[in-house]
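These entries record what I looked up, in order. I began with backbone angles and then turned to helix packing and the nonpolar cores.

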Amino acid sequence: MESLDILESDGKDRSAINELRGEAHFIRAIRLYHLSQLFCRPYASGTDNDGPGLPLRESSDLNATSFRVTVEQTYQYILENLSKAISFLPKKSASITRPGLDAAYALQAKVYLSMQNYEKALTAAEQSLEIHPDLLDYNELDPSPSIPFTLNNKELIYYAHNVSAGRLITQALANVDTLLYDLFEEDDLRKKLFFEPKKNGYMAFKGQYSANQRNLFAGLATDEVYLIKAECEARLGKTNECLSTLNTLLEKRWEKGKFQGIQSDSSERLLSMVLSERRKQLMFRGIRWGDLRRLNQETRFETVIRRRFPNIGEEYLLPPRDLRYTFLIPMKVIEFSGMEQNPR
């Protein structure tokens, strides 16, 4: 930001500088959002959220002291940066590696969803889809390649990938949970497009939108925005709207002529279906962790994570609302800054 101020004072092209300013605010917001899902306690609607949040820095001075603000202040800062990004960004960027308004609204919808502010999340999702409503028709894709998706995927709003996770969760190393695989019905095209069998009897995931085996997609895409919209509609009792949104997405995911459409007059049942579709459609994107953090606050959606290792006779449990849903800040950072560590 400091460099942009210097350029502006030198009389450089104001429109180009403003677009860069919007991109800078967006990138700051999305990076802080990702960090908040790891190093902050989950946002709890209806509380003060006065626990330790992130250390926020606006200066590039390496000697400046870092200190942690509250969880509430962290989220408000993310939203402030998104608001500034929206005031500067073009409607749609020429490149998927640079954000436009469609990306800013999509990220805003994600942030509000994690804050359980469903009215504002719905508004932001609708604003994003108004600019970028495109969905792939999975009937038009060939499931035979090792990765069926390409970078000209029209669902991509903003491209980013997770390098470190991609090196650990490769098709060779990672086995898809059999319970997750069994959620997909036979006529669901994702069963062929997302998975391929391995020699050990398990399934490997191949459905990453990054079009690269080593890099898992971690950006923004319209399928996620449709599911945010559907969840908010279900939670707000907008049953007909939710049905329309969910069916619009799923019609493009099932074999042509086999999808009968979802019908329900129960917003509670629809909500469960939407959450199931989030788990299926958005797998391996780093989204499930944030979903568990927020959904575990509702007794009806609590999940106990179990990992068994028969060879060593060990079982590891992660109960709902466990302190381990918030990562420890690296000790070197604590020692250097003196900031507060997350509890254990």
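In which loop does Phe284 lie? I located Phe284 in the loop between α11 and α12 (288–295), where helices (H or I, at least four residues) and strands (E, at least two) are DSSP runs numbered from the N terminus.

I noted that the model is predicted, so that local features need pLDDT of at least 70 and side-chain atom pairs pLDDT 80 or more, while totals for chains, interfaces and linings use all residues. Residues are numbered from 1 along each chain as its sequence is written, and side-chain values use heavy atoms, with hydrogens and water left out.

**Entry 1: positive phi.** I looked up phi for Phe284 and found a positive value near 60° in a residue other than glycine. Most residues other than glycine have a negative phi. Phe284 counts as partly exposed because its relative accessibility is 24% (buried is under 20% relative accessible area, exposed over 50%, partly exposed in between, with a 1.4 Å probe and protein chains only). Arg321, in the loop between β10 (314–318) and α13 (331–337), also has a positive phi near 60°. Its relative accessible area is 47%, so Arg321 is partly exposed.

**Entry 2: α10 and α11.** I checked the axes of α10 (residues 239–250) and α11 (residues 267–281), which come within 11 Å and cross at roughly 25°. Axes are lines fitted to C-alpha atoms, for helices over the stretch in contact, with angles from 0 to 180 degrees between N-to-C directions. That makes α10 roughly parallel to α11, the class for angles under 35 degrees. Thr239, Cys242, Leu243, Leu246 and Leu250 in α10 meet Ser267, Leu270, Met273, Val274 and Glu277 in α11, contact being heavy atoms within 4.5 Å.

**Entry 3: α4 and α9.** The axes of α4 (residues 101–114) and α9 (residues 222–235) come within 10 Å and cross at roughly 40°. From α4, Ala106, Ala109, Lys110 and Leu113 meet Glu224, Val225, Ile228, Glu231 and Cys232 of α9.

**Entry 4: cores.** Of its 67 residues, Phe26, Leu107, Val111 and Leu220 touch the most other members. α4 gives the most to this core, with 10 residues. Apart from it I found another core of 19 residues, including Phe149 and Tyr181.

Technical notes:
Angles under 35 degrees count as roughly parallel, over 145 as roughly antiparallel, 65 to 115 as roughly perpendicular and the rest as oblique. A nonpolar core is a set of buried Ala, Val, Leu, Ile, Met, Phe, Trp, Tyr and Cys residues joined through side-chain atoms within 4.5 Å.
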